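Please keep the sequence and the model in view while reading.

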Amino acid sequence: MFPDVSAFQFDPSIISKLSFVLIPFITGAAILLIEVFIPREEKLFAALLSIWGLALAFFATTQWWNEPSEALLNGSFILDRFTLFFSALFILINGFTILLSIWYIKREGMHFGEYYFLTLLATTGMIFLAAAGDLLMLFLGLELMSIAAYVLTGINRDRLKPSEGAMKYFLLGAFASGILLYGIALLYGATGTFNLIKIQQFITKGGELNLIFWTGLGLILAGFGFKVAAVPFHLWAPDAYEGAPTPITAFMATGVKAAALAALFRFVTTAVPDVSNHWVPVLWLGSAITMTVGNIAALVQKNIKRLLAYSSIAHAGYLLTAFVALGTEHRLAASEGLLYYLIAYTLMTFAAFGVVIIVAKQGDERTNVEDYIGLGRQHPLLAFVMTVALLSLAGIPPTAGFFGKLYLFSAVVEAGYTGLVVIAVLNSVLSVYYYLRPVVNMYMRIEEAQVVTFEKSLTIGIALTVTTYGIFHVGIFSSSVLNIAKNAMTLLAP
Amino acid sequence: MDFLTIINGHILSGLIFFPIFGTLLLLILPPNKETLLKWAALVMTIITFLTSLILFVRFESSFEGMQFVEKYSWVPDFGILYYLGIDGISLLLILLTTFMMPFALIGSWNSITKHVKGFLCCQLMLEAGMIGVFSTLDLILFYVFWEAMLVPMYFIIGMWGGPRRIYATLKFVLYTMVGSLLMLVAILVLVMMHKAQLGFYSTSLLDLLSVKVPFGGTYFSAQTLLFLAFALAFLIKVPLFPLHTWLPDAHVEAPTAGSVILAAVLLKMGIYGMMRFAMPLFPQALEQLTPILLGLSMIGIVYGALVAMVQIDIKKLVAYSSVSHLGFVMVGILALNTLGATGGLYQMLSHGLSTGALFLIVGSLYERKHTRIINDLGGLAKELPWLAVVFFIVLLASIGLPGTSGFIGEFMILAGLFELYPILAVIGTSGVVLGAVYMLNAYQKLMFGKLKTGPHPSKDLSLREKTIFVPLIIIMLFMGIKPGFFISKVEKSIDHFVFKFHNYKYPKVGAK
């Protein structure tokens, strides 16, 4: 039934335990309050305050790494290494987004103090999602994150594309949230609890798995499918990604996806592992269709943001293959691969979008693949970064993208799903074609180029340097990251 | 004593990373000082070659097993090691690589005018990748080098190539990647089998050789499928008929240096992959599929030769001649006897030299006449006598005239094939005859007959070009006269290679 409120004692240590979640939120709220008093153009302080808050929060996550796992707030917030890993990832993602945003905001004239507040709010929601121990907390985190994301997509409200993208995202997203909530309600009706562990106990103790249960489960999976932009729930993604301010596109492609996958991971491994023979085929099919549709659609894209959007849909497909393996006893290897891949994916996505920001002029004028012609000659560093990012997305060694696919696919093969890996691998070949198209334009069609100059940005330069170096370092020296990923899997270890 | 041990323990890594270090060095130099860049790159490739000579000299012919071994843990969770080591086969192929690189650079000295720095960096990275492929004993490390090599080659063809270069390079990359990615899946399956049977993860070749891959006797058995996945990746590179269609486009559109390295080294990687990995790991599947592979190789020999005969573009002619010659090499390897395998390896070296030289000749011709169409040219022997002489000698080596390197290889292959399947040896010999036909025909059309020169007569071979061709010819003749010099190094390795299959086929027979 409902949590027993009368037994809820306030334990002050909970503040310090939850600090890594509270700090981003408080920082955001502070920004929201203070920015009223700051003139329109001087929003840089908000960026600095956000970075400061994120750094504090990151530090806070590292403090709890070696402590034993705990379930807080009556079991709805799980403080374990899985949560800490993902929280650190989300904080990093937010940090990269801010680095990309500072200059972008100035160029586009989008001086909204709420911008930074909203990203921090979304990050808070993401952390709740990753830490959710029961379905209510999951929904809370999801909505917190989503609503912030809807607003951020359409924050450039005077222009057509952002408004269209935001509208599509919001309408379909609200609908999907409704479906998810309905699924949660049905599951509660069938099992009598929201708590993930208690749901598992319900199943193992022979609770009745009737139509209500299965419908609830199915609707929950559908809701997740939407958030992750899996096919056939992906139709909002290309428009939303294209219309959103480019730093937010990167934020959504990495953070929102990772958060949704983290929550799905917890749900699938904590609540329903014992009925895996029912949801594994669904995820198998979903993964295969998602990567194929994503890759095929990307082949014909001319707008680089849409191309990257469909590519990100395809990558969601690759990530979902790990979930198929979670139903077997090889889940540890699959989880390692998944977490490693998410790190690699974050790095390469921000590198690619960073370049897109610089190349596109004000108002996203130059976002066509043809606009990259001749970049190799005129701006060799920029072209190099883009090439590395694209090669990593395609999965060509020795980048992190290749090693991510290697570890992920080896775990899935070990789990026995070689067929799915063959599909994934053939999809990778397909993707090489559209990933190489900007590279062809940048280096091999130099005669056709017109001279273009770009303004330079220090912050984006920092972000690009870090991510490009990371793509190589995380790839070639992958064992350190793999170790972190392995250690993060405390929720599965006995 | 200690100094030598240090060398032994690091020379392979040195060979791989020195070109990479060279790339970084080139990146620092200013892009407009092109002569400086070219000389710097050339010096580095020469140093790499001299270092590989150390490898040759210090290689123990009588030692059975891998030499210059370096083994470090890389990704312990998955058992991936940084594991290098060579035997006689790898040794000779590494030498071929380091030997041909300086010639490729000198050959394209004047023809690469844009983005010289980028070109040289790509060449050096390519060299590093190639040496890496030939020297690694860990399957994942092999895969990394194998795929990583695609990137510089993609740029070399795509940026400095001919008019259809983008199509050619994309075809090359996508074709190769399909094969390689399926091989990756097969590697993963093999590693999982190893874990299941032996209890720990390992991706090193020597461990994986002890996996008992189930063989059911049908074409769908596990071993056959895994073998096919590996073989696909390698046979595309060989190239084996009918997987060869990427080759003519890639060769024709690539710049001279690209074609030289492609023909001389990259094609050999396919055969090396078969010999080192695919064949030893899946011997029963190999036996099952040998008839088909032999058949396709034979078709390749004859088909390549016939198509070469009707080409009007010299470069395409040489490309198809590669298909034919390498079909020969595959036949030799598939014979699985000492004669055939040694012949195959020797023919690989000879083909690398002669076809590399042929592409350099074509490059020299193109620099002067700006056309590769045979009918547009004629009587060049009057205008360019030294070029004609060089061309003829290289042609003889390519055809396999006794006294040149080509003969040794071809003869041994045919002899080895005759031991097993006499009929096929007869067909194979026809391939030799056809080879002579199309090459001599092309030579006659180009060099003899009416002089069809352009508006200005061209100069004969410059000093630079003589520097390339004279050493190449000397080596080709040396290889033809004293084959034992090289074969002595590989005897043990070839024996080991052959012995494995005979041991499996005829368990009662002892060594050799």
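**Salt bridges and helices**

Over all chains, the count comes to 18 salt bridges. The model in which they are found is a predicted one. Side chains of opposite charge can pair when their charged atoms come close.

One of these pairs lies within chain A: Arg266(A) forms a salt bridge with Asp80(A), and their closest N and O atoms are 2.9 Å apart. Arg266(A) and Asp80(A) are both buried.

A further pair in chain A is Asp239(A) with Arg306(A), where the closest N and O atoms are 3.1 Å apart. Asp239(A) counts as buried because its relative accessibility is 17%, under the limit of 20%. Arg306(A), at 18% relative accessibility, counts as buried too.

Which pair crosses between chains? The side chains of Asp77(B) and Lys486(A) meet in a salt bridge at 3.0 Å, N to O. The pair runs from the loop between β1 (67-75) and β2 (80-86) of chain B, where Asp77(B) lies, to helix α20 (residues 478-487) of chain A, which holds Lys486(A). Asp77(B) has 19% relative accessibility and counts as buried, whereas Lys486(A) is partly exposed, with a relative accessible area of 32%. Elsewhere, salt bridges that share partners join Lys161(A), Glu164(A), Lys168(A), Asp239(A), Glu242(A) and Arg306(A) into one network.

The next topic is helices of chain B. Two packed helices are described by the angle between their axes and the distance between the axes. For helix α3 (residues 88-107) of chain B and helix α4 (residues 116-135) of chain B, the axes come within 9 Å and cross at roughly 170°. Because of that angle, α3(B) is roughly antiparallel to α4(B). Residues making the contact include Leu93(B), Ile94(B) and Met101(B) of α3(B), and Leu120(B), Met130(B) and Phe134(B) of α4(B). The residues of this contact between α3(B) and α4(B) divide into nine nonpolar, five polar and one charged.

Helix α6 (residues 150-160) of chain B is mostly covered, with 11 of its 11 residues buried. Among the buried residues of α6(B) are Pro152(B), Tyr154(B), Gly158(B) and Trp160(B).

Terms used: Residues numbered from 1 in each chain as written. Chains lettered and ligands numbered in written order. Predicted model: local features only at pLDDT ≥ 70, side-chain atom pairs only at ≥ 80, totals over all residues. Heavy atoms only, no water. Axes fitted to C-alpha atoms, helices over the stretch in contact; angles between N-to-C directions. Helix = DSSP H or I, 4+ residues; strand = E, 2+ residues; numbered from the N terminus. Parallel < 35°, antiparallel > 145°, perpendicular 65-115°, else oblique. Contact = heavy atoms within 4.5 Å. Nonpolar A, V, L, I, M, F, W, Y, C, P; charged D, E, K, R; others polar. Buried < 20%, exposed > 50% of the residue type's maximum accessible area, 1.4 Å probe, protein only. Salt bridge = Lys/Arg side-chain N within 4 Å of Asp/Glu carboxyl O.
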